[in-house]
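User: I am new to this structure and would like to learn how to read it. Please take me through it step by step.

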Amino acid sequence: MIRGVIFDLDGVLVSTDELHYQAWKHLAEELGIMDFSRKDNERQRGVSRMASLEIVLEKGAKEYTEEEKIALAEKKNDYYKRSLQALSPADVLPGAKEALEMLRQRGILTAVGSASKNAPEILERIGLIPLLDKISCGLDTTKSKPDPEVFLVAAKKLGLSPESCLVVEDAAAGIQAAKAGGMKALAVGPLYQQLGGDFAARDLSAVESWDEIL
Ligand code: BG6
Ligand code: MG
């Protein structure tokens, strides 16, 4: 019996991947890395900011100190945050708001489980804060998915056991994280059929039977 649903943010409730990509590309080009591609960006999905920076830097030849890396990650974050200013409730992905409303009506708790340290700001901008009980994000964790930490923190904040939580994810690492944490997983997004979720749907508007999942 599911008593709580934990939603990944990017690719599930909203899509800011393109904004991440543009910000990393901007930084890469400043560093003389002209061939940072969307394919490289795919590998940054669900990965922490510092681990994402490593994916950029491996395309170049230069070595950086830890301090320099922190400054570079901050620079990328500034570019990214500037682009977040354009986000609005119109950017909520299909079916997401309706799913959150339906769950609340059924008395099921909801949380976000996201690697992003910007999750609270993004949720504020897209207007979903009132529909969420808790947020677990990069500010609460030290380990990236597929480690289950971010989802275990979310379950704990909700006051629920992992076994009574369902995770909604669009990335393979996120589905693995849910399973490693002992949670059921609903896979969504362009790769939904290949992610190995217990349940799968193109997006949150296409879930066939919430009754079956819950
Ligand atoms: C995830 C994104 O949601 O958050 C990753 O999929 C990103 O691409 C990660 O690196 C960390 O985000 P932030 O906002 O803390 O830099
Ligand atoms: Mg995601």
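User: At what angle do α3 and α4 pack, and how far apart are their axes?

Analyst: First, the ground rules. This is a predicted model, in which local features need pLDDT of at least 70 and side-chain atom pairs count only at pLDDT 80 or more, while totals for chains, interfaces and linings use all residues; side-chain values use heavy atoms, with hydrogens and water left out. Residues are numbered from 1 along each chain as its sequence is written, and chains are lettered from A and ligands numbered from 1 in the order in which they are written.

Helices (H or I, at least four residues) and strands (E, at least two) are DSSP runs, numbered from the N terminus. Axes are lines fitted to C-alpha atoms, for helices over the stretch in contact, and angles run from 0 to 180 degrees between N-to-C directions. Here α3 and α4 pack at about 100°, with axes 10 Å apart. Angles under 35 degrees count as roughly parallel, over 145 as roughly antiparallel, 65 to 115 as roughly perpendicular and the rest as oblique. α3 and α4 are therefore roughly perpendicular to each other.

User: Which residues of α3 and α4 make the contact?

Analyst: Contact means heavy atoms within 4.5 Å. On the α3 side the residues are R49, M50, L53, E54 and L57, and α4 supplies E66, K69, I70, L72, A73 and N77. Ala, Val, Leu, Ile, Met, Phe, Trp, Tyr, Cys and Pro count as nonpolar, Asp, Glu, Lys and Arg as charged, and the others, Gly among them, as polar. By that scheme the contact of α3 with α4 has six nonpolar, one polar and four charged residues.

User: At what angle do the axes of α1 and α4 cross?

Analyst: Helix α1 (residues 17–30) and helix α4 (residues 66–84) cross at roughly 135°, and their axes come within 9 Å. That makes α1 oblique to α4. The residues of this contact comprise eight nonpolar, three polar and three charged.

User: How do α1 and α3 pack?

Analyst: The angle between α1 and helix α3 (residues 49–57) is about 50°, and the axes are 11 Å apart. α1 and α3 are therefore oblique to each other. W24, L27 and A28 of α1 meet R49, S52, L53 and V56 of α3.

User: Which residues are closest to ligand 1?

Analyst: A residue is near a molecule if one of its heavy atoms lies within 4 Å of it. Ligand 1 is surrounded by 15 residues, and the closest are V47, R49, S116, K117 and N118. A backbone N or O atom of V47 lies 2.6 Å from an oxygen atom of ligand 1. For Q44, a backbone N or O atom lies 2.8 Å from an oxygen atom of the ligand.

User: Is the peptide bond from K145 to P146 cis or trans?

Analyst: Most peptide bonds are trans. The bond from K145 to P146 is cis, with omega near 20°. P146 lies in the loop between β3 (134–136) and α7 (149–158).

Notes. Polar contact = N/O pair within 3.5 Å; in protein donor to acceptor, adjacent residues only side chain to side chain.
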